[in-house]
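This report goes through a structure part by part, from its strands to its charged pairs and its surface. Please look over the sequence and the model before reading on.

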Amino acid sequence: MRLSLSMTINGTPRRIELDDPRVTLLDLLRERLHLTGTKKGCDRGQCGACTVLLDGRRINACLALAASCDGSTVQTIEGVAQGDVLHPVQAAFIEHDAFQCGFCTPGQIMSAIGLIQEAQAGNDPERVKEAMSGNLCRCGAYAGIAAAVLDAQARMDAQSRSEAA
């Protein structure tokens, strides 16, 4: 059984032929499209290492069948920066030492971007930690992650206000 899918991945329209309807979005991204920034951690939706944005919303790519994403827009960590200019969340993660080993960092960043876009971050580090509780960090960099999310959100809000003026 062959399936023909159309998706926009990191701003590029893609036509994808699948020979197996059981392929997850994670496996499609990593193994077939070679977008390996999205990590395979638990492969059960429990760690958040595979977090991507699907039509602007955070999802665990290991739980989504690629076939169910037909017609969707997918953003991975590879599509976040604009050339050599880091996304404000990426820059904030660096400035706040919001990572140690780095394995979870792509999923954490994608979850943070989604959280900010969903207007769910608030202004409290505990709220950020709760809203991102589906993204686990084995190294325990949660304080830096929460600080980075709040800093990035403030920068993005300030930038939006200055652009609107």
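## Terms and basis

A residue is called buried under 20% relative accessible area, exposed over 50%, and partly exposed in between, with a 1.4 Å probe and protein chains only. Helices (H or I, at least four residues) and strands (E, at least two) are DSSP runs, numbered from the N terminus.

The model is predicted, and local features need pLDDT of at least 70, side-chain atom pairs count only at pLDDT 80 or more, and totals for chains, interfaces and linings use all residues. Residues are numbered from 1 along each chain as its sequence is written, and side-chain values use heavy atoms, with hydrogens and water left out.

Strand E1 covers residues 3-9, and its side chains alternate between two faces. Leu-3, Leu-5, Met-7 and Ile-9 point to one face and are buried.

Two strands are taken as paired if DSSP finds at least two bridges between them. E1 runs antiparallel to strand E2 (residues 12-18), and seven bridges join the two. Within this pairing, Ser-4 has Glu-17 of E2 as its bridge partner. The two strands make a hairpin with two residues between them. Asn-10, in the loop between E1 and E2, has a phi near 55°, a positive value in a residue other than glycine. With a relative accessible area of 25%, Asn-10 is partly exposed. E1 also runs parallel to strand E5 (residues 73-75), through two bridges. There, Ile-9 is partnered with Val-74.

## Strand E3 and its partners

Strand E3 (residues 51-54) is covered on both faces. Thr-51 and Leu-53 lie on one side, Val-52 and Leu-54 on the other, and all are buried. Strand E4 (residues 57-60) runs antiparallel to E3 and is joined to it by four bridges, with Leu-54 opposite Arg-57. The hairpin of E3 and E4 has two residues between the strands, and Asp-55 in it takes a positive phi near 50°.

E3 is also joined to E5 by two bridges, and these strands run antiparallel. Here Leu-53 stands opposite Gln-75.

## Salt bridges

Side chains of opposite charge can pair when their charged atoms come close. A salt bridge is counted when a side-chain nitrogen of Lys or Arg is within 4 Å of a carboxyl oxygen of Asp or Glu. Over the whole structure there are eight salt bridges. One of them joins Glu-95 and Arg-155, with the closest N and O atoms 2.1 Å apart. Glu-95 is in helix H2 (residues 88-95) and Arg-155 in helix H5 (residues 142-164), so this pair ties together parts that are 60 residues apart in sequence. Glu-95 is partly exposed at 48% relative accessibility, and Arg-155 is partly exposed at 30%.

Which residue besides Glu-95 forms a salt bridge with Arg-155? It is Asp-151, with 2.9 Å between the closest N and O atoms. Asp-151 and Arg-155 are four residues apart in helix H5, about one turn of the helix. Asp-151 has 22% relative accessibility and counts as partly exposed. Elsewhere, salt bridges that share partners join Asp-27, Lys-40 and Asp-43 into one network.

Glu-126 and Lys-129 form a salt bridge at 3.5 Å, N to O. They are three residues apart in helix H4 (residues 125-131), which means about one helical turn separates them. Both are partly exposed: Glu-126 has 49% relative accessibility and Lys-129 has 31%.

## Rings, surface and loop

The charged end of Arg-138 sits over the ring of Phe-103, 5.1 Å from its centre. This term requires NZ of Lys or CZ of Arg within 6 Å of the ring centre and within 35 degrees of the ring normal.

Leu-86, Ile-94 and Phe-99 form a nonpolar surface patch, with about 260 Å² of accessible area together. Such patches are made of residues with over 30% relative accessible area and no salt bridge, with nonpolar side chains (Val, Leu, Ile, Met, Phe, Trp, Tyr) joined within 5 Å and like charges within 9 Å. Accessible areas come from the Shrake-Rupley method with a 1.4 Å probe, and for residues only the protein chains shown count as cover. Ile-94 is in helix H2 and is partly exposed, at 48% relative accessibility.

Asp-97 lies in the loop between H2 and helix H3 (105-117). Its phi is near 45°, a positive value in a residue other than glycine. At 60% relative accessibility, Asp-97 is exposed.
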